[in-house]
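Visitor: I would like to learn how to read strands in a model like this one. Could we go through it together?

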Amino acid sequence: MFRVASASLKLKVADPDYNKEEIKKAIDRAVSEKARLLVTPELSVTGYTCADLFFTTSLQNSALDALDDIVRYTADKDIVVLAGMPIRFYNSIYNCAAVINNGKICGIVPKTHIANYNEFYEKRWFASGSQFKSCQPISVCGCDTLIGQQIFDLGSGIILGVELCEDLWVANPPSSSLVCHGANIIANLSASDEYVSKAEYRRSLIANQSARCICGYVYAGASVFESTTDLVFSGATVVAENGALIAEGERFSRENVITYADLDIEKLNSQRCNNISFENSNEAIGFSKIEMGNCANDLKYRFVDPHPFVPADDAKRKERCKEIFAIQASGLAKRIEHVGSKGVVVGISGGLDSTLALLVCCEAMKMLGRPNSDILGITMPGFGTTDRTYDNAVELMKALDISSKEISIRDACALHMKDIEHDENVRDITYENTQARERTQILFDMANKHAKLLVGTGDLSELAMGWCTYNGDHMSMYGVNASVPKTLVRYLVEYVANVSDKKTAAILYDVLDTPVSPELLPPDENGEIAQKTEDNIGPYELHDFFLYHFVRFGFDRDKLSVLALKAFDGRYDFDTVNHWLDVFMKRFFISQFKRSCIPDAPKVGTVSLSPRGDWRMPSDASYNVFI
């Protein structure tokens, strides 16, 4: 984690002596918050709107004196500061970012694309940094450094690249090249004026560039204290990470605004390693190494989503559910059409997963223009079936007008246990799996008998934890839920309930309110579910959190623990998080053999455990270094 700060500052146009003090105040505030990078606006030392005053010796010299004071002020402060400066190099003036750390200038980066249209006249004062085919030596404030396009290694895998304002708005921004040289944080010193609707466009531009570059993007804009002769500036401060806006400050403030964010560098680097199209560049570019201490990060400015698979915003969540439901149903419809199936068979237990699978089957039939009667739903009461789940299963099949059949597995399982010489009073794993395999045998044979496709109901979380019976509910002809995590299954069912008729919705809401259980052990004395999955393997919301961050980003155990404690602050303590984290890791590793032979299933999100797609793992890998 790397803490960044984006600052929009009070200033006086053409008064570097005043402006340097505001920059020093910002440095103090950023250091007190343990920020490692402070980005100030474009030409923050002088002000952006100095116009022809940039040509004057007085302003140029005053700016250098102010910069010298700022540079000396950073001595013994563990922070990189980017200050906006006009820099004269031979016979031209360049609009630059001075990269400062620990009492020295580490590099000067000139603006490449000079805005010269509509309200902008920058070519009147500044030359383009594109004139530098390679970095050139320059001495500024007594520091021998380089001027030109370059990147800065801040240690711990953190590589900084810099661009200025207009550079972001062009077809091929310098940041696109900088990230190919390794930069994973891009800082933008900007002076973008305001007019109606521009702020939203700017946000989109920043977010999209951070996504395209798989980087953190720190944007600092000029404030309302710039000259208002023709323009007004708002002081936009924005931080984005791989497509997501993670921090934004108040605009139009009349005080200094500093916006902080904790960027996850390990996450960005992991995504790049997994993205084979993200290639390194061999073009020459300047490179500087800055020695920084490895400051601890308490995630104060990092929101960690406890439910990464489920959008918190209602509208976004509904849209996500709508799309996933369409993907599931479209995949199933294609498979039915391809094999010429007369329909589908699905086991209905009255639980969440089988309910979602049935709803997907109904949607697939709708896509194919076929009646729901082509769906054969089979409920198979066993030793652990409760009245509540049984009634919900039966009533749901009636409400959806599908073909249905009830086949009790009690006698068949009792006979089978007798055949294998297992005492049915010993309610162990054999007792449980006998029921799961008997149900699967019935479903496969009924699918054969009726020339239909058997649809699996198991979800992504169960596959991750190995919470399925090998060659039992683990197997089907097509698994519509196999890449849907348990925390999302609930919202998909709720999504359908919200658009269903009153009778169907009432059944679905009761299913949503039923504890998650395989119902393989007898009910309690009150006829209620006795075997609750989360009592055995732990909270699904924790396991889905671990699954997302481990499979997608490869985070180690310590980081998973720290992130979970931040995400679930006040809900799970240290011991609870770490207990279930070890359970997750062990079960995830020892269950790979089940995932190595799972049926075809549509991928619906960024995490999938299909051995043919996203996750290839040896079935016999040791978990020792992961716990």
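Visitor: Which residues point one way from β10, and which the other way?

Guide: This is a predicted model, in which local features need pLDDT of at least 70 and side-chain atom pairs count only at pLDDT 80 or more, while totals for chains, interfaces and linings use all residues. Residues are numbered from 1 along each chain as its sequence is written, and side-chain values use heavy atoms, with hydrogens and water left out. Strands are DSSP runs of E with at least two residues, and helices are runs of H or I with at least four, numbered from the N terminus. Ile185, Ala187 and Leu189 point one way from β10, whereas Ile186, Asn188 and Ser190 point the other way.

Visitor: Is strand β10 enclosed or open, and how many of its residues are buried?

Guide: Buried means under 20% relative accessible area, exposed over 50%, and partly exposed in between, with a 1.4 Å probe and protein chains only. Six of the six residues of β10 (185-190) are buried, so the strand is largely enclosed by the rest of the structure.

Visitor: Which strands does β10 pair with?

Guide: Two strands pair if DSSP finds at least two bridges between them. Strand β9 (residues 158-164) runs parallel to β10 and is joined to it by five bridges, Gly161 being the bridge partner of Ile186. Six bridges, also in the parallel sense, link β10 with β11 (residues 216-221), where Ile186 has Tyr217 as its bridge partner.

Visitor: What is the order of the strands in the open sheet of five?

Guide: The order is β18-β17-β16-β19-β20, with parallel pairing. β18 (403-406) and β20 (478-479) each have a single partner strand, so one side of each is left without a neighbour in the sheet.
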